[in-house]
Amino acid sequence: MTITSPTRQRRPLAARLALVSAASFSLIGGSVAVAGPASAAGYDYKPDKKVECKVDAKNVYHKEYGKYSKKADVKFEFKVWCDKKTDVKFDHWIFQKKNNGKWELIKHRDGKLKDVKYEAKHTNAEVKDKGRKGGEEKVYHVVKIKYDDKNGKYSHTVTKSDSGWGTVHFGH
């Protein structure tokens, strides 16, 4: 029994030329990279244009002092922070719990804040005493913000929201 080695097939001429040219380009490119400046990435620096904002609706605690009243003017506060100055649109809804347990919209406010980095806002709303035991009225408010997140030449609208709960105490 004799063992014969398999015959080796030659690659076509085009494949051999492609292999030689790829090897030579990598050698040339390697020497250019070594000779180039160490901070080449710094020349093509583009600052990040992404914007990040957040909203915080404060919880409410209000106590009516003095003589007994059937209504109270309550301040519902919220804060908006952005890491870069940007325009922010807001919607602010304020609710009061009805005697049947459902929530009733008592005030809505919307607006636009220009060049926001940090902004504290509030909406005043009249909360009425519904005659509950203990003179406590439950309130709830929701703040929704919208802003454009610009990332290079593209942008999209981002929506975020927060809510706060609270109690308004009437002096019964």
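A: We may begin with the surface. This is a predicted model, and the accessible surface of its chain comes to about 12500 Å². Carbon and sulfur atoms account for 53% of that surface.

Q: What share of the 172 residues counts as buried?

A: A residue is called buried when its relative accessible area is under 20%. In this chain, 24% of the 172 residues count as buried.

Q: Which secondary structure elements are in the chain, and in what pattern do they follow one another?

A: The chain has one helix and six strands. Read along the sequence, they give the pattern α-β-β-β-β-β-β.

Q: Is K84 buried, partly exposed or exposed?

A: K84 has its place in strand β3. Its relative accessible area is 30%; because this value lies between the limits of 20% and 50%, K84 is classed as partly exposed.

Q: How does one read a nonpolar core, and which residues have the most contacts inside the largest one?

A: In soluble globular proteins, nonpolar side chains tend to be buried together. Here the largest nonpolar core has 15 residues, and those with the most contacts inside it are C53, V80, V88, I145 and Y147. Two or more residues come from each of β1 (53–57), β3 (71–97), β4 (103–128) and β5 (136–151). The largest share, five residues, is that of β3. A second, separate core has ten residues, including V60, V74, V139 and F170.

Q: With which residues is Y147 in contact, leaving aside its neighbours within four places in sequence?

A: The contacts of Y147 are V51, E52, C53, D87, V88, H156, T157, V158 and K160.

Q: How many residues line the largest pocket, and which lie nearest its centre?

A: The largest pocket holds about 150 Å³ of space. Eleven residues line it, and T86, D87, V88, Y147 and D148 lie nearest its centre. β3 and β5 each give two or more residues to this lining, with β3 giving the most, five residues. By type, the lining divides into seven charged, two polar and two nonpolar residues.

How values were computed:
Residues are numbered from 1 along each chain as its sequence is written. This is a predicted model: local features need pLDDT of at least 70, side-chain atom pairs count only at pLDDT 80 or more; totals for chains, interfaces and linings use all residues. Side-chain values use heavy atoms; hydrogens and water are left out. A nonpolar core is a set of buried Ala, Val, Leu, Ile, Met, Phe, Trp, Tyr and Cys residues joined through side-chain atoms within 4.5 Å. Buried means under 20% relative accessible area, exposed over 50%, partly exposed in between (1.4 Å probe, protein chains only). Helices (H or I, at least four residues) and strands (E, at least two) are DSSP runs, numbered from the N terminus. Contact means heavy atoms within 4.5 Å. Accessible areas come from the Shrake-Rupley method with a 1.4 Å probe; for residues, only the protein chains shown count as cover. On a 1 Å grid over the protein atoms alone, a cavity is a set of points where a 1.4 Å probe fits but cannot get out, and a pocket is an open set with protein on both sides within 12 Å along at least five of seven lines; lining residues have an atom within 4 Å of a point. Grid points are joined across faces, edges and corners, and a volume is the space filled by probe spheres set on the points. Ala, Val, Leu, Ile, Met, Phe, Trp, Tyr, Cys and Pro count as nonpolar, Asp, Glu, Lys and Arg as charged, and the others, Gly among them, as polar.
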